[in-house]
Amino acid sequence: MVMKTLTINMKRLEQRINDLSQIGKISGTGVCRLALSSEDREAVETVKKWMEEAGLATRIDHFGNLIGRLEGENPEAPILMLGSHIDSQPYGGRFDGVIGVLGALEVVQTMKEQNLMPSMPIEVVSFSDEEGCRFNKGLFGVRGILGKLEDGELDRTDKDGITRRDALVQFGCDPAKFKESEYAAGKIRAFLEMHIEQGPILEANDTPVGIVTGISGPLWLTVELEGFAGHAGSVPMNMRQDALVGAAKIITQLNELAGQDVNVPTVGTVGSMKIFPDSRNIIPEKVSFTIDLRDIDIDRRNKLEDQLRTRIKEITDEHRLTCTISEDTNSEPRYCSETIMNVMRKESEEMGLNSIELMSGPFHDSLARSYECEYGMIFVRCKDGISHNPKEFSTFEDISLGTELLYRTTVKMAKGL
């Protein structure tokens, strides 16, 4: 039987989630808080205020990350880090990332109220630009503190032509001082993240909380096709170099390749497209679109990528198109720490949760952190598996149970276990 008495303050957590959802509110229950926007800044300042009220020392680093620190008995010990993100998709929900930041804050505030002194420092972090939708490159803040940014990232532009560099400066950061915000190797001992599942498995199993075993590896590509523009009424079909027709065939091939085996978790998505000249009666000359291919099995994903690239070559040759493919993100699957999962398993059992274990298809800040330290993740059930949509919903009861498990796991790890 699931425990009824919580250590964490469910009403406080619920109130903060509701309050934050008002910043960038859209479509009744949705939010639009693009990374480094004015809405994002207002949200960061709001959470910063709550951190300070909880007694944490706060700072906003030069990557735009918000960090709240609780000192431990040994301030020089490697840090136990908790958190997630509060930036959103342009048509997003109010729980994605948010419950991981505000849940982590609730954990540390409860520890202070319980007079629990950790053996090492604990930092609660809201990472900048996890989503990657504004500049088409995510996990920015978490990669930044690791010194893992790639060449040209600051020159990436959003749909309004604003560069990431300019957005950072407007946010109050100084890209010239990135080094001051990086963490030395070994400085962070472990990372814990709570997140809504963004999938249907927990709900299908009538389970409020799950323990994550690993994160699928995302491959992000941008494909640019170029043909030749002509009058839509006069160029015969067999003489056309229609870039959009080529793109449509490639998208269909991606869908068929990713879905050919219903027993594996491979997924492929095209979520953004640009067409030039974008006129009703002109044959499209240039088309640019994104490809998102994910799998927990890197060999299987690599095989599918090879097959897709072969089909792209065949399709572009057939339609006499030129093609450029650029790689935006390429990450291998990453598995959670067995040590941390064992703590979660024990605490979950004591809570009566009977948590199931599952993989994560979406990537998270934990994916980047996994290259530098052990990590563990907790999933919370969400209705119909809906996310990146204003209809995204998790009950506060489920969120509180996930936060309680995060609290208990943090307390155990804070003792040096």
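How are helices H10 and H12 oriented to each other: parallel, antiparallel, perpendicular or oblique? The structure is a predicted model, in which local features need pLDDT of at least 70 and side-chain atom pairs count only at pLDDT 80 or more, whereas totals for chains, interfaces and linings use all residues. Residues are numbered from 1 along each chain as its sequence is written, and side-chain values use heavy atoms, with hydrogens and water left out.

The axes of helix H10 (residues 338-351) and helix H12 (residues 396-414) come within 9 Å and cross at roughly 125°, and H10 and H12 are therefore oblique to each other. Helices (H or I, at least four residues) and strands (E, at least two) are DSSP runs numbered from the N terminus; axes are lines fitted to C-alpha atoms, for helices over the stretch in contact, with angles running from 0 to 180 degrees between N-to-C directions. Angles under 35 degrees count as roughly parallel, over 145 as roughly antiparallel, 65 to 115 as roughly perpendicular and the rest as oblique. H10 passes H12 in a right-handed crossing, a term applied if the near helix is turned clockwise from the far one by less than a right angle. On the H10 side the contact (heavy atoms within 4.5 Å) involves Ile340, Val343, Met344, Glu347, Ser348, Glu350 and Met351, and on the H12 side Leu401, Glu404, Leu405, Arg408, Thr409, Lys412 and Met413. These residues comprise 7 nonpolar, 2 polar and 5 charged, where Ala, Val, Leu, Ile, Met, Phe, Trp, Tyr, Cys and Pro count as nonpolar, Asp, Glu, Lys and Arg as charged, and the others, Gly among them, as polar.

For helix H8 (residues 243-258) and helix H9 (residues 298-318), the axes come within 10 Å and cross at roughly 155°, which makes H8 roughly antiparallel to H9. Their crossing is right-handed, with Gly246, Lys249, Ile250, Gln253, Leu254 and Leu257 of H8 meeting Leu304, Gln307, Leu308, Arg311, Ile312, Ile315 and Glu318 of H9; by class, the contact has 7 nonpolar, 3 polar and 3 charged residues. The axes of helix H1 (residues 10-20) and helix H3 (residues 98-113) come within 10 Å and cross at roughly 145°, again in a right-handed crossing.

A search of the whole structure finds 1 cavity of 30 Å³ or more, and the largest cavity has a volume of about 40 Å³. On a 1 Å grid over the protein atoms alone, a cavity is a set of points where a 1.4 Å probe fits but cannot get out, and a pocket is an open set with protein on both sides within 12 Å along at least five of seven lines, lining residues having an atom within 4 Å of a point. Grid points are joined across faces, edges and corners, and a volume is the space filled by probe spheres set on the points. The largest cavity is lined by Asp40, Val44, Gly64, Ile86, Asp87, Ser126, Phe127, Ser128 and Asp129, with helix H2 (38-53) and strand E6 (122-127) each supplying at least two residues. The second largest pocket, with a volume of about 340 Å³, is lined by 15 residues, of which Arg143, Glu150, Asn330, Ser331 and Tyr371 lie nearest its centre.
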